[in-house]
Amino acid sequence: MGPETGELWGFLIVAYLFFAGMGAGTLALSALCTLLGPRYRVVSRLGALIAPWPVAFGTGLLIFDLGRPTRFYHLFTTLEWTSPMSVGSWLLSIFLILAMVNLFLWLPEKVQRRVPLPVRGSLTSVSGWRPLAAERAEAWRRRLAPVLIPIALAVGIYTGVLLGATPTRPFWNTALTAELFLFSALSSGAALLIAALWIAGRRGWRPLQHEPMMLLARIDIALIVVEFFLIVPFVLHQALGTESQFESIKLILGGRYTAPFWILVVLFGLGVPLVLEAAEVFQQHHRLRRFGHWLEGYGALAAAILVLMGGVSLRWVFVFAGQVARLLPG
Amino acid sequence: MAEKRMGFVIIESRCIDCRACMVACSVENDVPVGYHRNWVNTEGPTGTFPDLGMRHKPGNCMHCESPSCQRVCPTGATYTRPDGVVLINYDDCIGCLYCIIACPYNARYVNEEIGGPDKCTFCTQRIDKGRAPACVETCLGKSRVYGDLNDPGSEVSRLLAENPSTRLLVDSGNGPQIYYIP
């Protein structure tokens with residue numbers, strides 16, 4: 001075996017995986033809310049306006065991280081089915097295009113009219129486009145939503161497959177990696193939307209709407225519970241698997257990444273926000289005012305921030321621990 | 001007659017850990033200082049005094065049958081020649097380093113000069129002219145042997161027919177094409 005190669009993928013990749021996942025999760029939940037109807041349109045709109053940016057930013061980081069960044073376009077001169085990175089870069093492109101179209105559809109009509117004339121003109125000549133009257137825009141949003149959900153889920157899964165589909169790296173090489181990254185991405189999306197709703201409510205842009213907030217909190221509770229049930233078999237299977245797997249999981253069972261994983265990811269990234277969100281929903285449900293408005297307001301924001309920090313930590317632990325662990329000889 | 005399938009046979013008992021193969025490779029292929037495309041691993045000492053033993057396992061890119069580096073390459077820059085030699089086309093390489101992460105043998109390293117991965121090329125500039133790779137030519141114990149594994153008459157095929165051999169990390173699924181004869 002040759003000399004250790006060290007950690008080739010660093011914090012830029014961690015950030016990229018986090019932002020891409022968070023944007024994908026945001027768009028998936030925003031599109032879901034569109035399908036659920038006008039009750040949750042504040043979530044649909046906020047999500048549609050926010051979602052493309054983290055993904056675009058993350059993709060920028062990814063290109064910046066390349067050793068030969070000026071050649072990044074070679075990704076799009078081919079499609080290599082067996083390379084998660086190749087499939088992923090196509091998925092990201094499709095996602096970004098559709099997310100930008102979706103963003104446009106969610107702009108208020110008066111903002112749509114402000115699109116520069118040359119752009120408007122060419123759009124009109126190509127597709128007969130004109131600023132959309134409210135009903136027409138709404139119809140197109142509802143048509144686009146069922147397409148956005150699968151593409152967003154695909155981006156969320158791909159960020160995990162990128163790491164998981166490497167038999168060489170026992171820490172990553174389990175089907176649960178992709179699932180964990182997907183559900184963490186959706187949870188990050190929910191958290192971003194909760195934070196956005198909260199800020200919009202505080203700043204008086206929109207009155208804080210409890211119904212959408214509670215929907216997001218309920219969804220996030222379900223996602224966090226699913227993540228727990230992914231982490232348990234992940235750790236068990238690695239610990240009870242091959243010697244390479246067992247050695248790799250030691251990194252989070254006593255090894256270098258034990259504290260970051262169990263404290264940052266599991267305790268503060270999943271456990272505490274779960275309790276905060278459950279308290280929030282419980283209080284709302286039973287119309288309790290025992291905790292006052294503090295929990296109702298800041299509890300949601302605190303939970304959202306913790307979920308996002310947990311999402312970063314999860315990717316940090318995975319990216320770094322995964323590159324330390326290797327197949328054992330023999 | 002099947003296509004050519006180039007590979008190495010390494011006779012471990014003949015390796016004396018002189019590392020001339022590493023020097024020869026670096027000189028032949030202009031490998032940046034601090035890196036090597038090949039290596040010599042040492043196992044042992046084993047046994048109890050006075051019956052002690054040490055084993056040396058030289059290695060380099062295994063030019064795998066189903067190379068994981070090639071599978072994960074997003075641009076198709078890593079490719080396999082018809083004779084089984086795995087190479088990198090630097091016109092297409094974007095420097096994502098996925099291949100280095102996917103290689104179970106640590107056979108690749110980052111060449112800072114090109115901002116991308118680099119590895120053993122089987123000295124194609126030599127074997128295409130019928131000369132042995134630099135590491136093979138210089139090996140003074142004749143531990144390193146190269147040749148066409150699909151040609152039953154080649155030295156590598158003859159050695160493998162007559163001796164038991166092992167390969168490294170077969171569980172990786174890569175199908176490495178370096179055969180070790182203890």
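How many residues of chain B are in contact with how many residues of chain A?

## The interface of chains A and B

In this predicted model, 33 residues of chain B are in contact with 35 residues of chain A, contact being taken as heavy atoms within 4.5 Å. The two chains bury about 2,900 Å² between them, 57% of it on carbon and sulfur atoms, where buried area is the accessible area (1.4 Å probe) that two parts lose on being put together, summed over both.

The elements that give two or more residues to the side of chain B that touches chain A are strand E2 (38-46), helix H2 (68-72) and helix H3 (98-102) of chain B, and H3(B) supplies the largest share, 4 residues; helices (H or I, at least four residues) and strands (E, at least two) are DSSP runs, numbered from the N terminus.

## Nonpolar cores

A nonpolar core is a set of buried Ala, Val, Leu, Ile, Met, Phe, Trp, Tyr and Cys residues joined through side-chain atoms within 4.5 Å, buried meaning under 20% relative accessible area (1.4 Å probe, protein chains only). The largest such core has 103 residues, of which Trp9(A), Phe95(A), Phe171(A), Ile252(A), Phe261(A) and Phe318(A) touch the most other members, and its largest share, 14 residues, comes from helix H8 (residues 175-202) of chain A.

A second, separate core of 28 residues includes Ile10(B), Cys15(B), Phe122(B) and Ala132(B).

## Basis of the model

Residues are numbered from 1 along each chain as its sequence is written, and chains are lettered from A and ligands numbered from 1 in the order in which they are written. In this predicted model, local features need pLDDT of at least 70 and side-chain atom pairs count only at pLDDT 80 or more, while totals for chains, interfaces and linings use all residues; side-chain values use heavy atoms, with hydrogens and water left out.

Notes. Buried means under 20% relative accessible area, exposed over 50%, partly exposed in between (1.4 Å probe, protein chains only).
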